[in-house]
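Subject: Structure for your review

Dear colleague,

Please find below the structure that I am handing over to you, together with its sequence. I would be grateful if you could read the notes with the model open beside them.

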Amino acid sequence: MSDDRYLTFALGKGRLAKKTLQLFEQIGITCEEMKDPDTRKLIFVNEELKLRFFLAKGPDVPTYVEYGAADIGVVGKDTILEEGRNIYEVLDLGFGKCRMCICGPESARELLQHHEQIRVATKYPHIAKDYFYNKKHQTVEIIKLNGSIELAPIVGLSEVICDIVETGTTLKENGLTVLEEVCPLSARVVVNQVSMKMDNERITRLISDLKTVIK
Ligand code: PRP
């Protein structure tokens, strides 16, 4: 396809966005407009490079990419696994490293080992279901929550949680511990399946440029 078409990037708002933009700057992809802290604009354009950028809620990034509203997305592996969209995951950016874990009080370790029918609170019901049903062959009740997941075992909503652990501070400060590890996580680049074919040259170049600057 011709280089006239704009390549559109969907970036997950929050922790990953700043680092992503820093990485893009290192390979000469800049978007000055996006740096204005007072702007209420939702989409930013680099006319010279024929690029567009927008920030979206993390879980919506794979959706934009699957439907081709964005050609390329940057989002956490946790979101990719949870959303299960038809997209290509092409690169591990190596930042935003953390782990998806099953956590709880030390006393819950026994319940996991004996395959008891326990309750699992999580923001990631698909990941939790896949782990317990397909990997561990353990029947559990999954309870979907939207945040502060560590509260669940403390107040008796569930025996364990399936959640992200980064530094481990939240667990420690709440008397909880990692009981099992589900998988490692980090920021990934995802690509729309049609864009990958139609704009293969530009996208492949972008990926190889990114590879040269990531550690
Ligand atoms: C995440 C995660 C843990 C915490 C882990 O929550 O759900 O609660 O960070 O980080 P730590 O191991 O460094 O303590 P987040 O801050 O995204 O908010 P949430 O509770 O709304 O999910």
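The notes below set out what was found, beginning with the chain as a whole and ending with two individual residues.

**Overall picture**

Please bear in mind that this is a predicted model. The protein chain contains 9 helices and 11 strands, and its C-alpha trace spans about 60 × 35 × 30 Å along the principal axes. Of the 215 residues in the chain, 45% are buried. Among contacts with a sequence separation of 6 or more, 68% are made by residues 24 or more positions apart.

**The six-stranded sheet**

An open sheet of 6 strands runs in the order E2-E3-E1-E4-E11-E5, with mixed pairing. Its edges are strand E2 (43-46) and strand E5 (88-92); each has a single partner strand, so one side of each is left without a neighbour in the sheet. From one strand to the next, the twist averages 25°.

Within this sheet, E4 and E11 are joined by 5 bridges in the antiparallel sense. Gly73, for instance, has Val190 in E11 as its bridge partner. Two helices deserve attention here. H1 lies across E1, E3, E4 and E11, and runs at about 140° to E1. H9 also packs on the sheet, where it touches E1, E3, E4, E5 and E11, and its direction makes about 25° with that of E5.

**The largest nonpolar core**

In soluble globular proteins, nonpolar side chains tend to be buried together. The largest nonpolar core of this model has 28 residues, of which Phe9, Phe24, Phe53, Ile72, Leu93 and Leu210 touch the most other members. Two or more residues each come from strand E1 (7-12), helix H1 (15-26), strand E3 (51-56), strand E4 (72-76), strand E11 (187-191) and helix H9 (200-213). The greatest contribution is that of H9, with 5 residues.

Leaving aside neighbours within four places in sequence, Phe24 is in contact with Phe9, Leu11, Ile29, Phe53, Val74 and Leu210. There is also a second, separate core of 19 residues, which includes Met100, Ala108, Tyr124 and Val182.

**The five-stranded sheet**

Another open sheet has 5 strands in the order E8-E7-E9-E6-E10, and its pairing is mixed. E8 and strand E10 (177-185) are the edge strands, each pairing on one side only. On average, neighbouring strands of this sheet are turned by 25° against each other, direction ignored.

Strand E6 (residues 98-104) pairs with strand E9 (residues 160-165) in the antiparallel sense over 5 bridges; Met100 stands opposite Ile164 in E9. Helix H5 packs on this sheet and touches E6, E7, E8, E9 and E10, with its direction at about 165° to that of E8.

Strand E7 (residues 119-122) and strand E8 (residues 141-144) run parallel and are joined by 4 bridges. Arg119 has Glu141 in E8 as its bridge partner.

Arg188 is placed in strand E11. Is this residue buried or exposed? Its relative accessibility is 11%, so Arg188 counts as buried, the cut-off being under 20%. The side chain of Arg188 makes a polar contact of 3.0 Å with the side chain of Ser186. Apart from neighbours within four places in sequence, Arg188 is in contact with Gly73, Val74, Val75, Lys77, Ile80, Glu89, Leu91 and Asp92.

Val165 is found in strand E9 and is likewise buried, with a relative accessible area of 6%. Which residues does Val165 contact, leaving aside its neighbours within four places in sequence? They are Cys98, Arg99, Cys101, Cys103, Leu171 and Val178. Val165 and Ile102 are 63 residues apart in sequence, and their C-alpha atoms are 9.4 Å apart in space.

With kind regards

Methods. Residues are numbered from 1 along each chain as its sequence is written. This is a predicted model: local features need pLDDT of at least 70, side-chain atom pairs count only at pLDDT 80 or more; totals for chains, interfaces and linings use all residues. Side-chain values use heavy atoms; hydrogens and water are left out. A nonpolar core is a set of buried Ala, Val, Leu, Ile, Met, Phe, Trp, Tyr and Cys residues joined through side-chain atoms within 4.5 Å. Buried means under 20% relative accessible area, exposed over 50%, partly exposed in between (1.4 Å probe, protein chains only). Contact means heavy atoms within 4.5 Å. Two strands pair if DSSP finds at least two bridges between them. Axes are lines fitted to C-alpha atoms, for helices over the stretch in contact, and angles run from 0 to 180 degrees between N-to-C directions. A polar contact is a pair of N or O atoms within 3.5 Å; within protein, one must be able to donate a hydrogen and the other to accept it, and residues adjacent in sequence count only if both atoms are side-chain atoms.
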